[in-house]
Amino acid sequence: MAQERNAGERPVLNPALRLMREAVPKPVTGRSPTEAQVHIERLDRQRETLSTTIAAIRATPPRLHAGRLHLRARMYDDSLAPTYLPRGIFGAKTHTHIVAPIRDGYLIEATLEGLDALSNEIADSDAVDARVAISRIQEIQSQTTTSVFHGRDANILWDRAIVGDAGSLFTVWLPPFVNVAARDSVIAELASMEREGAIQSVFATVSMTRGSGQDTAILHVSRQAESASLAQVAREYRTKRVAKLTLVVASADALTQLAASGASYRIDPVVPLRAQMFPQGSDPDRPIPQEDWHPVVAVVDGGMTARSYESMEAWRAPSLVSDVDANTIQGNRVSSLAIHGYAWNSHLRLPELVCRIGTVQAIAKDGRGHESRERFLSYLREVVKAHASECKVWNMSFNEPTFPGDEEMVSDLGHGIRSIAREYGILPVVSVGNIAERGHGRICPPGDCEASLTVGGRVAMDDVPDAHCPVCVVGPGPDGMLKPDLSWFSTLRAVGGTPATGSSFATPLVASLAAHAFQALKNPTPDLV
């Protein structure tokens with residue numbers, strides 16, 4: 001119910017920053033290439049190198065779809081500006097098409113026959129725009145198994161994935177062919193592999209119904225037939241040119257076969273969602289007086305079972321993870337910090353903020369009942385849809401484990417949460433992640449979510465934040481993403497009493513502050529907050 005503001009509280013009528021209109025993307029207007037842009041010192045060398053590479057790809061091409069393949073054109077570091085988009089050699093003349101920018105360059109669609117024209121153009125063309133492009137491209141590669149795995153070893157990826165009854169789970173991104181016949185060929189290839197038993201498609205839908213009372217909320221999970229899943233992805237792929245699906249891959253050999261089939265652009269293992277747990281210390285007064293109640297923070301975690309906080313629960317979503325499997329220790333800690341973290345940590349300089357919470361029980365204990373990434377995202381979308389109008393801040397103190405090589409790409413989980421956040425206008429507040437024994441020490445998904453506030457950790461010097469917490473990972477994120485956005489105390493007391501350390505515990509401090517910012521601002525938006 002609506003609460004009256006305390007005396008003296010007023011909305012901020014003139015915020016320092018206000019978004020005055022919707023952002024409208026506009027293409028970069030580039031000028032025609034000039035002679036001054038030709039890198040003379042490496043032109044001749046690159047003519048020979050690139051034309052030889054294209055000829056070699058022509059002689060031993062990778063798996064084709066409708067006679068088409070993808071090339072990766074990697075630019076020199078001094079040539080990544082849009083001004084150097086290599087239209088001089090990729091276009092109608094060489095039967096090629098620049099599909100999209102990728103890390104360090106561009107993805108190119110080509111026909112097998114067009115490779116001869118491309119090789120000749122590189123070797124002989126005297127046009128200014130062609131010579132600029134040739135001197136600015138460092139290398140051209142075909143789409144190989146190595147590039148599909150983004151340099152990661154297939155056996156290591158296999159060992160990381162969640163194991164199911166019929167194999168291991170992987171997210172497969174379909175190649176973004178411009179040509180419709182090539183997309184049809186990709187779907188046909190996947191269907192063939194499914195018939196052979198090398199892969200099985202998996203699809204889960206999550207819906208919720210609510211009765212008149214909170215206790216009548218019911219979670220429905222249905223699994224469609226495998227053929228229906230592939231058929232649905234096929235329709236999206238034919239229409240939008242991009243699509244992904246979750247597959248059960250039967251064996252490590254089948255994983256390699258899938259990567260070599262040309263039916264995937266990127267393959268990621270589906271790994272467990274794990275709350276960032278660390279070793280576990282005065283207990284504030286509870287229950288909290290009703291007049292102190294304030295905005296709601298949704299806590300997506302292991303759920304809350306602490307009865308002393310029942311009055312602070314604004315709503316509870318149907319659980320994705322059972323009470324037996326749920327990581328309730330972590331969920332209780334994070335929930336208590338979101339409600340009144342300052343009261344548990346009176347030795348630290350923290351604002352005296354009180355929040356109610358919405359409970360989303362979705363994270364399991366390590367080794368217990370992990371859900372697939374796709375099912376988790378489907379569930380999260382339904383919960384957000386049900387509560388987005390009443391709750392704008394969503395605390396997510398969980399992370400996927402990461403490994404060397406993963407830091408170059410925005411994660412599937414980060415992409416999925418970004419999509420949900422933008423669609424429903426919420427602000428995810430996400431933990432950056434913690435150092436793992438074999439991790440690379442960089443941001444852990446979904447801390448790479450572009451639409452989130454990502455929170456790192458700081459150690460305390462007396463009662464104020466000081467140096468970086470050595471337990472928490474650091475930025476930057478994929479493609480130079482400037483993450484984390486904020487950092488705060490990461491060693492905190494919470495319900496249960498003993499201190500715990502991790503970015504998971506800094507995150508609800510920021511989430512509660514964000515919720516109060518929404519309440520205090522006039523016409524707030526997630527980006528403004």
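A residue here counts as buried when its relative accessible area is under 20%, as exposed when that area is over 50%, and as partly exposed in between (1.4 Å probe, protein chains only). The model is a predicted one, so local features need pLDDT of at least 70 and side-chain atom pairs count only at pLDDT 80 or more, while totals for chains, interfaces and linings use all residues. Residues are numbered from 1 along each chain as its sequence is written, and side-chain values use heavy atoms, with hydrogens and water left out.

Aromatic rings come next. Rings of Phe, Tyr and Trp (for Trp, the six-membered ring) are taken as a pair if their centres lie within 6.5 Å; planes under 30 degrees apart make the pair stacked, over 60 edge-to-face, and the rest tilted. Searching the whole structure turns up 3 aromatic pairs. In one of them, Trp 315 and Trp 394, the ring centres are 5.8 Å apart and the planes meet at 45°, so this pair is tilted. Trp 315 belongs to strand β13 (residues 313-316) and Trp 394 to strand β15 (residues 393-396), so the pair ties together parts 79 residues apart in sequence. Helices (H or I, at least four residues) and strands (E, at least two) are DSSP runs, numbered from the N terminus. Trp 315 is buried at a relative accessible area of 5%, and Trp 394 is buried too, at 0%.

Phe 398 has an aromatic partner in Phe 376: the two are edge-to-face, 5.4 Å centre to centre with 80° between the planes. Phe 376 is buried, with a relative accessible area of 0%.

Charges also sit over rings, meaning that NZ of Lys or CZ of Arg is within 6 Å of the ring centre and within 35 degrees of the ring normal. Arg 42 has its charged end over the ring of Tyr 76, 3.8 Å from the centre. Over the face of Tyr 84 lies Arg 136, 4.1 Å from the ring centre.

Finally, there is Ser 452, in the loop between β17 (427-431) and β18 (453-461). Ser 452 is buried, at 6% relative accessibility. Its C-alpha is 6.6 Å from that of Val 430, a residue 22 places away in sequence. Apart from neighbours within four places in sequence, Ser 452 is in contact with Pro 428, Val 430, Lys 483 and Asp 485, contact meaning heavy atoms within 4.5 Å.
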